Amino acid sequence: MKTPLTLQHLDTLMDVVRLGTFSAAAERAQLSQPAISQQIRQLERYFGMRLLERSGRSVRPTDAGRLVLQSAQRIRDELETVQEAIQPFRAGSAGRVRLGTGATACIYLLPPILRALKRQIPGLEVVVRTGNSPDMQRLVEENALDLALVTLPASGRALETTPVFTEDLLAVFPAEEAPPGPVTAATLAARPLVLYEDAGHTRQLIDRWFRAAGITAVPVMELGSVEAIKELVAAGLGWSVLPASSVAKVKTGTLGTAALAPRLSRNLGLLIRRDKRLTIGLRHLLSALETGLGAD
């Protein structure tokens, strides 16, 4: 009579292959090495085939072992999907989603969307991390983030990109220095410039806009904080170029804005791994972002 197959048998097989040795798998499972060896023997008897090859101290799967491993991972993924699906019915929880984005989007675009989502699904925990778009893309690729809202372009063979929002970039200046019309690259270059630090995509867009006019932007200050940039400009220390969302609500008499000539805009998009398992919480967050940003 065959020993009944359990999830622990499959987990043990995955651990041995992933960690490379029976002893490492035993340490991870907090079992003895003989117990791990017995589970593998039971698994091999169940399938009637050798699943692992021992070479010295290392272990690798046979062809049959690789098939079992693939099926074991699918079984684990399906069980996690079921766990996520029933989570809202347990203690009112809807899971946890890790979202990455830039500071500007975090301050000016996300709050109303996340507030509405919180009202709709109180048990959903959204953990937000901010940084430059290239860093957010890397974290999505590494599966350290579930989703990112970034400035496009962004590409990667493992990623799916969905454009969701477009906004103009505007010239921003002290209120008392308002120009007579749209602001050109030459107009800006004649003033002290306070710009984003050069690691992000938005700064790269601004630099390309200047270069298209035959001008190299030479800022007197480069900052990662849009609020700090606004404060310095309001103090009369320079002009800047900022997303329209960041200056939509400014105190009267502090800052002025004007369109750029030629127009400059940025596109924001959602990044997610193509192989990402869409949990119920992630599906709700994706829908909220696509609806909330697409409405603008």
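## Exposed or buried

A residue counts as buried under 20% relative accessible area, as exposed over 50%, and as partly exposed in between. This structure is a predicted model.

Take Gln-30, in the loop between α2 (22-29) and α3. Its relative accessibility is 72%, so Gln-30 counts as exposed. Asn-143 lies in the loop between α7 and β5. Its value is 34%, so Asn-143 counts as partly exposed.

Most residues other than glycine have a negative phi, and most peptide bonds are trans. Gln-30 has a positive phi, near 55 degrees. Asn-143 also has a positive phi, about 65 degrees, and is not a glycine.

Two prolines follow cis peptide bonds. Pro-153 sits in the loop between β5 and β6. Another joins Ala-261 and Pro-262, with omega about 0 degrees. Pro-262 sits in the loop between β10 (255-259) and β11.

## Where α1 meets α3

Helix α1 (residues 7-19) and helix α3 (residues 33-47) have axes that come within 9 Å and cross at roughly 110 degrees. Therefore α1 is roughly perpendicular to α3. The crossing is left-handed.

Among the residues in contact are Leu-10, Leu-13 and Val-16 of α1, and Ile-36, Ile-40 and Leu-43 of α3. The contact has six nonpolar residues, five polar and no charged.

## One side of α7

In helix α7 (residues 133-141), Ser-133, Met-136, Gln-137, Leu-139 and Val-140 are buried. They span an arc of only 165 degrees around the axis, so they lie on the same side of α7. Their cover includes β3 (96-101), β4 (125-130) and α9 (201-212).

Definitions and conventions:
Residues are numbered from 1 along each chain as its sequence is written. This is a predicted model: local features need pLDDT of at least 70, side-chain atom pairs count only at pLDDT 80 or more; totals for chains, interfaces and linings use all residues. Side-chain values use heavy atoms; hydrogens and water are left out. Axes are lines fitted to C-alpha atoms, for helices over the stretch in contact, and angles run from 0 to 180 degrees between N-to-C directions. Helices (H or I, at least four residues) and strands (E, at least two) are DSSP runs, numbered from the N terminus. Angles under 35 degrees count as roughly parallel, over 145 as roughly antiparallel, 65 to 115 as roughly perpendicular and the rest as oblique. A crossing is left-handed if the near helix is turned anticlockwise from the far one by less than a right angle, and right-handed if clockwise. Contact means heavy atoms within 4.5 Å. Ala, Val, Leu, Ile, Met, Phe, Trp, Tyr, Cys and Pro count as nonpolar, Asp, Glu, Lys and Arg as charged, and the others, Gly among them, as polar. Buried means under 20% relative accessible area, exposed over 50%, partly exposed in between (1.4 Å probe, protein chains only). The arc is that of the directions from the helix axis to the C-beta atoms.
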